[in-house]
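Reader: I have a new model open and want a quick walk through the fold. Can you take me through it?

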Amino acid sequence: MQADCSLMYCRIVGHFFHHALSDAELAHLVREVSSTAGDKQKLLDLGNLYYKHALLFFRFAKGRTPAQSYHHSRPSFDNVEDLVAAKLKEAPQSHQ
């Protein structure tokens, strides 16, 4: 089991490298990994930290995804004709 967790922690750190949202986030991750100074256990601890504090956050959303709600006052745009008819206005017949 320990080897499975070690592999998972390494993959988590690698995933964050691959999916960094900004240059600042990537620079922070590089500093974090560099601070381990090649110590395998420190790197695994970093992966464990990300697992506990970043990924487990998403496990709190239990249950099914709620059904999409529809606003009843909005017009239905099941086809292009309905969309065009709702957007078009009659052109003025005079310049007054």
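Author: Helices here are DSSP runs of H or I with at least four residues, and strands are runs of E with at least two, numbered from the N terminus. On that basis the protein chain has four helices and zero strands. Keep in mind that this is a predicted model.

Reader: What order do the elements run in?
Author: From the N terminus on, the order in the protein chain is α-α-α-α.

Reader: How much of the protein chain is buried?
Author: Buried residues account for 14% of the 96 residues.

Reader: Start with α1 and α3. How do their axes cross?
Author: Helix α1 covers residues 2-18 and helix α3 covers residues 40-55. Their axes come within 8 Å and cross at roughly 75°. Angles of 65 to 115 degrees count as roughly perpendicular, and α1 and α3 are therefore roughly perpendicular to each other.

Reader: Which residues meet there?
Author: On the α1 side, S6, M8, Y9, C10, I12, V13 and F16. On the α3 side, L43, L44, G47, N48, Y50, Y51, A54 and L55. By class, the residues of this contact are 12 nonpolar, three polar and no charged.

Reader: Aromatics next. How many pairs does the structure hold?
Author: Two aromatic pairs. One is Y9 with Y51, with ring centres 6.0 Å apart and planes at 55°.

Reader: Why is that one called tilted?
Author: Planes under 30 degrees apart count as stacked and those over 60 as edge-to-face, with the rest tilted. The Y9 and Y51 planes are at 55°, so the pair is tilted. The pair also links distant parts of the chain, with Y9 in helix α1 and Y51 in helix α3, 42 residues apart.

Reader: Are Y9 and Y51 buried or exposed?
Author: Y9 is buried at 12% relative accessible area. Y51 is buried too, at 18%.

Reader: What about F16 and Y50?
Author: Their ring centres are 5.1 Å apart and the planes are at 80°, so this pair is edge-to-face. F16 belongs to helix α1 and Y50 to helix α3, 34 residues apart, and this pair also links distant parts of the chain.

Reader: Now the loop between α2 and α3. Is T36 buried or exposed?
Author: T36 lies in that loop, between α2 (23-34) and α3. At 7% relative accessibility, T36 counts as buried. Not counting residues up to four places away in sequence, T36 touches K42 and L43.

Reader: What is the phi of A37?
Author: A37 has a positive phi of about 50°, although A37 is not a glycine. A37 lies in the loop between α2 and α3. With 69% relative accessibility, A37 counts as exposed.

Reader: Last topic, cysteines. How many disulfides?
Author: A disulfide is a pair of cysteine sulfur atoms within 2.5 Å. By this rule the count is zero.

Key:
Residues numbered from 1 in each chain as written. Predicted model: local features only at pLDDT ≥ 70, side-chain atom pairs only at ≥ 80, totals over all residues. Heavy atoms only, no water. Axes fitted to C-alpha atoms, helices over the stretch in contact; angles between N-to-C directions. Parallel < 35°, antiparallel > 145°, perpendicular 65-115°, else oblique. Contact = heavy atoms within 4.5 Å. Nonpolar A, V, L, I, M, F, W, Y, C, P; charged D, E, K, R; others polar. Phe/Tyr/Trp six-rings, centres within 6.5 Å; stacked < 30°, edge-to-face > 60°. Buried < 20%, exposed > 50% of the residue type's maximum accessible area, 1.4 Å probe, protein only.
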